[in-house]
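Here is a friendly briefing to read alongside the structure. Please keep the viewer open as you go through the topics.

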Amino acid sequence: MNVKRTIIPIIAIILASFNLRPVITSVSPLLGTIRESLQMSAATASLLTSLAVLCMGLFAPFAIKLANRFSIERAIAYSLILIGLATAARFFAYSAWVMLLTAFLAGIGIAIAGPLLSGFIKQNFTNPSRIVGIYSLALVVGASLGSGLSLPLSALFHTWQASAASWAILAIIAVFFWWKPIEKEPFTNTGSDASGSDNNLKKLFTDQKAWLLTAFFGLMAFMFYTIMAWLPPIVEDMGYSKQQAGMMLTLLTVAQMPATFFVPILNNRFQHRAVWLVGCSLLELIGLSMLLFSVNPWLSSLFIGIGAGGLFSLGLTLPIDEAKNIKEASILAAMTQSVGFIFAALGPFFVGLVRDYTGSFTAATIGMLVIVIAMILIQIKIGNQKHQQIK
């Protein structure tokens, strides 16, 4: 019984997390090939990332409704099925609209699963920081697998379509863990947890702290998905091969792993938020500055990866820490991810437009530096506030 209550939920979280990034990150190393094959402009190709991220924002609020109608576990299972079907459909992607449609559908699935995993962690674990570290690490591992294996799989299968579709196997495996073994009661508050809940949830959307967390998440996600989408093409413009550029993206995602796992744990133990938040952002700032001046993109990828990993895990941890109960954790996560991902979707598209207009990535990189500086100002505001739950 103890195993069922601890080990199986952790395995389920890891397997679900593996599915939330490869459909996005597997595109980046293949972006040049996809553009050439489907005759896509840089701006249109950027929609393969931006559209998925936009859907992750637009459809996140529906996660709560699905959880109320079914259960957290069953709603996550449905989202994994949708992600799997969308990913598998890329095997038939011989036109741009098919790729864009799969990005749209996968984005909906990710939008449902993301906030509900936060609520699931709040519901099942007394020390959520450690589990969020595992959750974040699994997200990064999934992203790393997507970026690192796309080119080898493309060579193995002799087609990029088969490479892009192969990630559907992860969803098939994960659904077995979410459909029945951990199925629970519908997603409702009971007992003292429900006392005054509705009033608190209404106040949540006018709370300054909630909007600060949302602004931070939006800027963090803006940078995260922009870098994931465009780092290889930026590096290729510096004179490196496609294989080297893909390896740098892999290095970036691998560098995220230790920061993703340890930063939320360290933040929970040594609660100096400004130190962890600003410190990670400064690493991103240094890495982007090195890219701007074409200084050692390997080292630049390392700095950006460590910074992005720490910021991403903090972006997932803070809403859980601030929430008073399971439902509020899911709703606050849905709020930060909904608004945040809608803004983040502009990032890859912005870089694609600027690249088409200027013919280089210089202006776009300067814009990303400005975004990081704005994020630091918000992080200082968050860090100066004493750790407390949303009122």
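Gln39 is exposed, with a relative accessible area of 73%, and its place is the loop between α3 and α4. In this predicted model, Gln39 has a positive phi of about 55 degrees although it is not a glycine.

**Backbone angles in the loops**

- Most residues other than glycine have a negative phi.
- Asn296, which is not a glycine, also has a positive phi, of about 40 degrees.
- Asn296 belongs to the loop between α14 (273-292) and α15 (297-322).
- With a relative accessible area of 39%, Asn296 is partly exposed.
- Gly239 follows α12 and has a positive phi near 105 degrees.

**Helix α4**

- Helix α4 covers residues 42-58, and its 17 residues should span 24 Å at 1.5 Å a residue; the end C-alpha atoms are 24 Å apart, which agrees.
- At Leu48, α4 bends by about 40 degrees.
- Is α4 mostly covered or mostly open? It is mostly covered, as 12 of its 17 residues are buried.
- The buried residues of α4 include Ala42, Ala45, Leu48, Val53 and Met56.
- Among the elements that cover the buried residues of α4 are α2 (22-25), α3 (31-38), α7 (96-124), α12, α16 and α17 (346-358).

- From its first C-alpha to its last, α12 reaches 42 Å with 30 residues, close to the 44 Å expected at 1.5 Å a residue.
- Where does α12 kink? The kink, of about 50 degrees, lies at Trp230, shortly before the proline Pro232.
- In α12, 25 of the 30 residues are buried, so this helix is largely enclosed by the rest of the structure.
- Helix α13 (residues 242-269) has 28 residues and reaches 42 Å between its first and last C-alpha, close to the expected 40 Å at 1.5 Å a residue.
- α13 has a kink of about 30 degrees at Phe262, shortly before the proline Pro264.

**Aromatic rings**

- How many aromatic pairs does the structure hold? There are 13 of them.
- One of these is Phe91 with Phe92: the ring centres are 5.3 Å apart and the planes stand at 85 degrees, so the pair is edge-to-face.
- Phe91 is partly exposed, at a relative accessible area of 42%, whereas Phe92 is exposed, at 58%.
- Phe217 and Phe341 also make an edge-to-face pair, because their planes are at 80 degrees, with ring centres 5.2 Å apart.
- Why does the pair of Phe217 and Phe341 tie together parts that are apart in sequence? Phe217 lies in helix α12 (residues 208-237) and Phe341 in helix α16 (residues 326-344), so the pair joins parts 124 residues apart in sequence.
- Phe217 is buried, with a relative accessible area of 1%, and Phe341 counts as buried at 3% relative accessibility.
- Ring pairs link Phe217 and Phe341 into a cluster with Phe224, Tyr225 and Phe312.

**Charges over rings**

- Arg74 places its charged end over the ring of Trp179, 3.7 Å from the ring centre.
- Arg355 has its charged end over the ring of Phe361, 5.2 Å from that ring's centre.

**Ala329 in helix α16**

- Ala329 is found in helix α16.
- Is Ala329 buried or exposed? At 0% relative accessibility, Ala329 counts as buried.
- Not counting residues up to four places away in sequence, Ala329 touches Lys122 and Ala323.
- Ala329 and Ala155 are 174 residues apart in sequence, and their C-alpha atoms are 43 Å apart in space.

**Confidence in the model**

- The protein has a mean pLDDT of 84, and 90% of its residues reach 70 or more.
- Where is the pLDDT below 50? This holds over residues 189-197, a stretch that has 8 contacts in the model beyond near neighbours in sequence.

Methods: Residues numbered from 1 in each chain as written. Predicted model: local features only at pLDDT ≥ 70, side-chain atom pairs only at ≥ 80, totals over all residues. Heavy atoms only, no water. Phe/Tyr/Trp six-rings, centres within 6.5 Å; stacked < 30°, edge-to-face > 60°. Buried < 20%, exposed > 50% of the residue type's maximum accessible area, 1.4 Å probe, protein only. Helix = DSSP H or I, 4+ residues; strand = E, 2+ residues; numbered from the N terminus. Lys NZ or Arg CZ within 6 Å of the ring centre and 35° of its normal. Expected span 1.5 Å × (residues − 1). Bend = angle between axes of the 7 residues up to and from the residue. Contact = heavy atoms within 4.5 Å. pLDDT = per-residue confidence, 0-100.
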